[in-house]
Amino acid sequence: MADWSMLPSDLLREIALKSNTIKDLIYFSAVCQSWNDVFSKVKPDWNTIKSLPWLLLAEPKPESLPWLLPKPKPKPEPKRKPEPKRKPKRKPKPKPYNDSTTQPKSGRRNILSMDENKCYKLMVPQTFGKQCWGSEHGWIVMFDADKKAELFNPITKSQLSLPSLQTLPSYPVTHDNYYYYDDDDDYYIDIDDDDYVYTIDSKKLFNMKELVSKATVLKIPNVDELVVMVIHYPQNNLAFARPGDKSWTPVLTSCTDRYLKVYYVMSWNERMVILYRDGSLAYCEIGTCKPETFTSLPKGMLREIVNKQQGDAYVVELGGDLLVVFRYRRYTIKYAPYEYHTTHFEVYKHVWNTTMSWEKVDDLGDFLLFIGHNFSTALHISMAPNCQRNAIYFVDDETYSWRMEYKQGRGHDTGMFDMASGQVIPFYQGRDKISKLFSPVWFTPKF
């Protein structure tokens, strides 16, 4: 019988680096001690390889939020003439809201593995009661209602501190700001029609939903240093911080034009690329403050989609090319009980020529895209054998209805768009993709 523990370490290293998923690599480490030793050495190199993202599903219960309080009991009615005594009936205890089989007291949260289309329960109590944005580097950005910010790795359980959101750069508030809240207001959301009605402190709701609209984790090349970019209130301004910093640093972008606001941030060719709401794109070195515009989308294209709440736009790299993906939604009562659904996508590739034009892409070939407001990535079908080629996998990151206290919650508009047929197909039907506060997000598991 062959002795697997005697295989050369160089060969074991090559085998380990061929693992497409983190689960395969963990199984590799469990074979024997010599394989585990190789596993420990190859982890840094494996972390640099693109791999299939996981879906962090919605939080089990909103009761984990300390600022989500029961609505005050109504005042008692005036006393009436007592009726003859009868044996009191026992009132059934109200069932607590739970849109998942995972109980919050256990600290577990469902994670959807895309390579198996199967859910795993991951022990991540650190994410409860927090707004989360995943990343392709294994880290999740987390903000709570008290403006505390940190990075969390759900695999290693490591945590890194970020500056408080209290230190975000301040800007003058103008009439163009899209959101206003009153300190004296209370916002009510109907968590369960029969059992509970909760009231939310308006300041804390603002901190969770409006203060930061998007967060992205980038990595400085050749340094292995993380930089967190946030698009924040009041005018989609851009700021960044490194773990351990004391405050957030502003990225100098003009806000004199109503539409010249940051919409999306990503890394491409070891640089940071910024998409503005007016359709212009700029780039700069990751972790610096002065981006330079290098191209623009066709006039009015992004403005038409975004500012009329008709969809979203995402920027992603595929084989060295820069792609912009437009997502179109339809708002209608036809999809009751949900008022919006994604209808289709359009993809455009930037062409580097004298005109700096854009070319429509109708076929992704053997590639597939995973898109989200936190990050987007492209993978070859060989790295995702159980997924569909020439397809776009997306999650529900609609913001307009969500900000307006949409009763049904967010997360239902999750699925796969087949580029060939033009059909939208759901890839997960679990109830725990729906949440009134925190919808599912992509993240790529890394060590």
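## Helices H2 and H3

Helix H2 (residues 22-29) and helix H3 cross at roughly 150°, and their axes come within 8 Å. The cut-off for roughly antiparallel is an angle over 145 degrees. H2 and H3 are therefore roughly antiparallel to each other. The model described here is predicted.

Which residues of H2 meet H3? They are Ile22, Leu25, Phe28 and Ser29. On the H3 side, the partners are Trp35, Asn36, Val38, Phe39 and Trp46. By class, this contact has 7 nonpolar and 2 polar residues, with no charged residues.

## Helices H1 and H3

Helix H3 (residues 33-47) also packs with helix H1 (residues 9-17). Here the angle is about 50°, and the axes lie 9 Å apart. That makes H1 oblique to H3. The crossing of the two helices is right-handed.

From H1, the contact takes in Ser9, Leu12, Arg13, Ala16 and Leu17. From H3, it takes in Trp35, Val38, Val42, Asp45 and Trp46. Sorted by class, the H1 contact with H3 has 7 nonpolar, 1 polar and 2 charged residues. Trp35, Val38 and Trp46 of H3 meet H1, and these three residues meet H2 as well.

Strand S16 (residues 271-276) pairs with strand S17 (residues 280-285). The sense is antiparallel, over 5 bridges. Valine 273 has tyrosine 283 in S17 as its bridge partner. The two strands form a hairpin with 3 residues between them. In that turn, glycine 279 has a positive phi of about 95°.

S17 pairs with strand S18 (residues 292-296) too, again in the antiparallel sense, over 4 bridges. Leucine 281 stands opposite threonine 295 in S18. The hairpin of S17 and S18 has 6 residues between the strands. There, glycine 287 takes a positive phi near 90°.

## A four-stranded antiparallel sheet

Further along comes an open sheet of 4 strands, in the order S19-S20-S21-S22. Its pairing is antiparallel. Which strands stand at the edges? Strand S19 (311-318) and strand S22 (358-361) do. Each has a single partner strand, so one side of each is left without a neighbour in the sheet. From one strand to the next, the twist averages 30°.

Strand S21 (residues 340-350) and S22 pair over 4 bridges, in the antiparallel sense. Lysine 349 stands opposite glutamate 359 in S22.

## A five-stranded mixed sheet

Another open sheet has 5 strands, ordered S24-S23-S25-S26-S27. Its pairing is mixed. Strand S24 (377-380) and strand S27 (424-425) stand at the edges. Each of these has a single partner strand, so one side is left without a neighbour in the sheet.

Within this sheet, strand S25 (residues 391-394) and strand S26 (residues 415-418) run antiparallel and are joined by 4 bridges. Tyrosine 393 of the pair stands opposite methionine 416 in S26.

## Salt bridges

How many salt bridges does the model have? The count comes to 13.

Terms used
Residues numbered from 1 in each chain as written. Predicted model: local features only at pLDDT ≥ 70, side-chain atom pairs only at ≥ 80, totals over all residues. Heavy atoms only, no water. Axes fitted to C-alpha atoms, helices over the stretch in contact; angles between N-to-C directions. Parallel < 35°, antiparallel > 145°, perpendicular 65-115°, else oblique. Left-handed = near helix turned anticlockwise from the far one by under 90°. Contact = heavy atoms within 4.5 Å. Nonpolar A, V, L, I, M, F, W, Y, C, P; charged D, E, K, R; others polar. Pairing = 2+ DSSP bridges. Salt bridge = Lys/Arg side-chain N within 4 Å of Asp/Glu carboxyl O.
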